[in-house]
Amino acid sequence: MKKNLKKTLALVMAATLVAASFAACGSKEKEEGGDKPTVSKENTNWEGAEKAAELEGKLTYMHSGDDYEREMYANVFKSYMEYAPNVEVEQMYVPSDYDTKLKTLAAAGNLPDLFWSGEAGIRAYNEAGMLSDLTGYLEEYPQLTEGILDGVLDFGNFDGKQVAFPKDWTSYVMYLNLDMFKEAGVEVPTNDWTIDEYKDLAAKLTKKSGDRVDVYGTAINNYRADWVNWMGNYGAEWFKDGKSNISSPEALQGLKLMSDLIEAGSAPSPGSVSSTGESEDRLFIIGKVAMYPSGRWVIPSFRSEVDFEWDAREMPQGTTRTCPFICSMVCIADTSENKDAAANLLSYQMSDEGLALVMESALSLPAYSDLMENENYVNTPPSADAFINSSKYLGNASQLEASKTGKWSEYSSIITAHLSDAFEGKISIEEAVEKIDEQANSTVFN
Amino acid sequence: MKKLLGKRTLKQKEAITAFLFILLPLISLIILMYYPIIRSFLISFFEWDLLREPTFTGIQNYKTLFKDEVFLEALGNTVHWVIMYVPMSVITSFALAMLLDRKLKFAGFFRTLYYLPVVCPIVVVSLLFVWIYNTDYGILNFILSKLFHMDPIGWITDAKYSLFSIAIMSVWKWAGYNMLIFLAALQGIDESLYEAAALDGVTPSQLLFKIKIPLVMPSIYFVMLTAVIDAFQMYTEIFIMTKGGPGYSTYTVSYYLWSNAFEYSKMGYACAMAVVMFVIIMAVTLVQNKIMDKRIEV
């Protein structure tokens, strides 16, 4: 991507100002052949601007997320319609139970023109023939794939057909409460820290009053990003040849780290946290956890709610490093009557200008290597290094294979249930991984 | 309407009017209840992910179901739940009704007080109890540690206690509803029976077991019947409080059914589960009906 940041940001501001002034006047210049764009193609480096001016019709765009995202994408659509004045984009924002609603619309043959789907959910829609092949559009809009991070397209590629496009991604890093490090007189780790150092720090930062833990050194989540990260950091092939392989020694080593932290009292069990109606990220915010592994999505709430010094580091390394791929992919429905406009909107959303409107919130990261180095797209706090570095080892072969089975949800429930038993001390972690493989391979991947 | 009723006898007119009145509820019942039941039964013989055309698989879903360890555990948990929850619920409601079935000052106030949890949304009540049951900061463990020096108990994180803890919450939530039914029944007992009993010198326990309980038996029967049916379908509390965990210890059939239908996209399999549940509930209700009918006759 040939990006000129200052120019892009100036354009975003200009587009917003122009939009505001037109809205204030309450009128639009009407000419033969429809409305004229209010932003000229000469003033943008987005390759789809010229075509946008010629397109017309209505598009529906369905997405999930929180209120931040609803607002962000409302801005993206508003800004796009400045280039494509004859295209009306209807935003279908679904705050909860997104997958069920999407599936219901699909079953009714009423899919929106564009919609999001998690990386593990694409296969079912693709096999049902509900997704458009985007390959032709990737050729029409080369900026879409120029400088894209290695491996991210694979999650939406089935049998050589690109049917889903990664709109962004989120890294998995360790957030640190720096005040607690200072208070405990412990040195803040650097990005090259190891898992052993992490365990040691977690123990040192844990504060107890008698038997009661006041502050935990760290926290773990019984969640796919944690599993993929810890198993991956020992180079585990935890899903192999279409079968669950979580009982492999490397995978066990990664998961054992999680149970060891709980057993040592350095981390609360996920069950005890959820029984408070709380979540691990809230415990970090209120100063009950010193080191917390999570994605970039926590940053907006950390920025607004945290009242101590904090920062982020890469996840500690084991024998190697991996970063789980967490993303919503954008798809164009095969039933869409306006695929050209849908692809044009996708191209705008992924342009420097479109991404600038989204990345400001710091909920996610751009899927392009040059933008990853750009502080306006990967803004601070926390330090950008951890995020930039993790993009270099993004993706995990086992995760890719498992998510492409289309049975991730069921598999993931089995992992959650048995790990939960292990984390609550009901069974050992060794028993848990054996049970996971046995159940998953006999019922899901048989 | 005039045309329809025009030259008809009064009896015919009344019959037509009656049919018209029941037509709308009947149509809704057929569309919203009977059609989905029949459709679910048919879907249970297919493999269907909602997105592709269903594939006929015969009784495969049923065969898989009875070999599915998670389903069997969920069924066990559900039966355990019914056996634990229904008696607790009926006895508590009846006890509350007995307490209020006397000339009390502020009786209306107490009635409202006990009924209040019923009008609270189940989501709110579940979240409230999640906090009460919290292992580290919950008020229940705090009281137990102060009064009896007990170690903290993982009320909903320990598989030994989780189902029981949820049952306590459900009893608290719904006791007021059944209490009103029992109270209405108790207050419907003729005063003269009490007077006669007093003249005969009956003891309070005789009054309870020989007069009150037999006379409110139809209400007990109704409450037990609805409580059993509701208990078999328990879902919301589990979804909010434990998500079936820890492990599978609070998985109920309804929760597992929902997971299969909407998380794993196994609609045919979920429908097979629904059919099995339907048959179980129907069988239990029929048995209950037989037993209770005999009791009422006696």
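Predicted model: local features only at pLDDT ≥ 70, side-chain atom pairs only at ≥ 80, totals over all residues.
Tutor: Start with a helix pair in chain B. The axes of helix 4 (residues 69-100) and helix 11 (residues 217-232) of chain B come within 9 Å. They cross at roughly 145 degrees.

Student: In which hand does helix 4 of chain B pass helix 11 of chain B?

Tutor: The crossing is right-handed.

Student: Which residues of helix 4 of chain B meet helix 11 of chain B?

Tutor: Among them are B:Trp81, B:Val82, B:Tyr85 and B:Val86. On the helix 11 side of chain B, look for residues including B:Val223, B:Met224, B:Ala227 and B:Phe232. By class, this contact has 12 nonpolar, 3 polar and no charged residues.

Student: Now the two chains. How many residues does each give to the contact?

Tutor: Chain A gives 24 residues and chain B gives 26. On the chain A side, helix 19 of chain A supplies the largest share, 7 residues. That side of chain A has 7 nonpolar, 11 polar and 6 charged residues.

Student: What domains does the assignment give for chain A?

Tutor: Domain 1 covers 5-170 + 326-391, and domain 2 covers 172-322 + 407-444. Their centres, taken over C-alpha atoms, are 33 Å apart.

Student: How many residues from each domain of chain A does their contact take?

Tutor: Domain 1 of chain A gives 17 residues and domain 2 of chain A gives 16. On the domain 1 side, the largest share is 5 residues, from helix 17 (residues 385-390) of chain A. That domain 1 side has 10 nonpolar, 6 polar and 1 charged residues.

How values were computed:
Residues numbered from 1 in each chain as written. Chains lettered and ligands numbered in written order. Contact = placed C-beta atoms within 7 Å. Helix = DSSP H or I, 4+ residues; strand = E, 2+ residues; numbered from the N terminus. Nonpolar A, V, L, I, M, F, W, Y, C, P; charged D, E, K, R; others polar. Axes fitted to C-alpha atoms, helices over the stretch in contact; angles between N-to-C directions. Left-handed = near helix turned anticlockwise from the far one by under 90°. Domains from an automatic or database assignment.
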